[in-house]
Amino acid sequence: MGAMSDSPARLWRALVSADPSRPFVTSYDELGDRIELSRATLDNWVSKTSNMLVDGFGTQPGDRVALALPPHWQSLAWILSSWSVGAAVVLSDEGVAPDTEVAVAASGRLEAALDSGAEEVVGTSLDPLGLPLREVPPMVTDYTVEVRGHGDHFPAYPVDAAEPALESAGRTLTGADVAAAGRALAKEWDLGEQDRLAVVVAPDAPLTALREDLSVLTAAVVSGAPLVLTPPPAEGDLQRFLDRMGTERVSVLYGPEPAGDLPFRRVV
């Protein structure tokens with residue numbers, strides 16, 4: 001396959017085209033509230049976000065987008081839209097990566113994003129239903145307000161997989177590297193469309209909980225296995241957690257929690 005075909009953006013487009021109505025991500029918050037997005041629904045957010053980046057912020061291939069967000073369905077939309085426009089995702093466990101063209105942060109990190117030197121700062125509430133921020137500081141764009149005004153379709157960009165797509169843990173990975181990492185992990189975990197992959201993450205975990213190369217996300221894209229993002233069970237609440245996993249038909253679980261004998265494959 002050529003460089004263009006190996007880009008994660010093209011892998012995402014192929015997945016959506018294959019079966020748009022199939023679920024891609026189900027997300028739970030600490031209260032147990034659930035939201036499920038099909039491939040087509042998440043792609044609608046990806047398209048709107050891509051159009052916002054290009055039309056609203058003038059983002060070009062080679063630009064850098066700092067994401068100071070936890071694993072969340074909105075975070076996935078930002079990752080995929082950044083790749084769709086040829087921008088590199090920049091992750092930092094320390095806070096907000098400095099000196100990027102765009103910095104995206106949850107409400108608790110907006111001041112750090114404003115101090116990061118980014119040309120554009122975007123805030124998101126991470127509300128399960130996509131509600132706006134309660135307070136919007138000056139010079140901050142409210143993601144869920146601004147993005148709704150942008151188009152539902154984003155034309156295919158000539159994204160070169162040989163260009164940087166991810167900066168994480170002191171490394172720079174090309175689009176081809178990111179796609180290869182996803183393929184390798186999908187093979188290692190024996191993931192297929194029949195699986196559902198639970199990712200157990202604390203609500204304040206960094207995006208590197210999806211691995212430093214984001215290969216948990218790209219493995220789901222490559223294999224077609226839907227993701228279930230869920231916090232770990234509270235103390236003494238393991239049975240409710242297991243019931244939830246059963247309801248979601250989870251077959252593979254990634255994450256440090258929970259301990260004990262689990263009725264599905266556990267991967268590390």
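1. A note on the basis. This is a predicted model, in which local features need pLDDT of at least 70, side-chain atom pairs count only at pLDDT 80 or more, and totals for chains, interfaces and linings use all residues. Residues are numbered from 1 along each chain as its sequence is written, and side-chain values use heavy atoms, with hydrogens and water left out.

2. Ser223 sits in helix α7. Helices here are DSSP runs (H or I, at least four residues), as are strands (E, at least two), numbered from the N terminus. Ser223 has a relative accessible area of 11%, so it is buried (under 20%; exposed is over 50%, partly exposed in between; 1.4 Å probe, protein chains only). Leaving out residues up to four places away in sequence, Ser223 touches Ala186, Leu191, Gly192 and Glu193. Contact means heavy atoms within 4.5 Å.

3. Now the helix α7 packing. Helix α6 (residues 175-188) and helix α7 (residues 215-223) have axes that come within 7 Å and cross at roughly 75 degrees. That makes α6 roughly perpendicular to α7 (65 to 115 degrees; under 35 is roughly parallel, over 145 roughly antiparallel, the rest oblique). Axes are lines fitted to C-alpha atoms, for helices over the stretch in contact, and angles run from 0 to 180 degrees between N-to-C directions.

4. Which residues of α6 meet α7? They are Val178, Ala181, Gly182, Arg183, Leu185 and Ala186; their partners in α7 are Ser215, Val216, Thr218, Ala219, Val222 and Ser223. By class, this contact of α6 with α7 has seven nonpolar, four polar and one charged residues.

5. Residues in the contact include Leu42, Trp45 and Val46 of α2, and Trp73, Leu76 and Ala77 of α3. By class, the contact of α2 with α3 has ten nonpolar, five polar and no charged residues.

6. Val25 belongs to strand β1 (residues 23-28). Val25 is buried, at 0% relative accessibility. Beyond four places in sequence, Val25 touches Ile35, Glu36, Leu37, Leu42, Trp73, Leu76, Leu227 and Leu229.

Definitions and conventions
Ala, Val, Leu, Ile, Met, Phe, Trp, Tyr, Cys and Pro count as nonpolar, Asp, Glu, Lys and Arg as charged, and the others, Gly among them, as polar.
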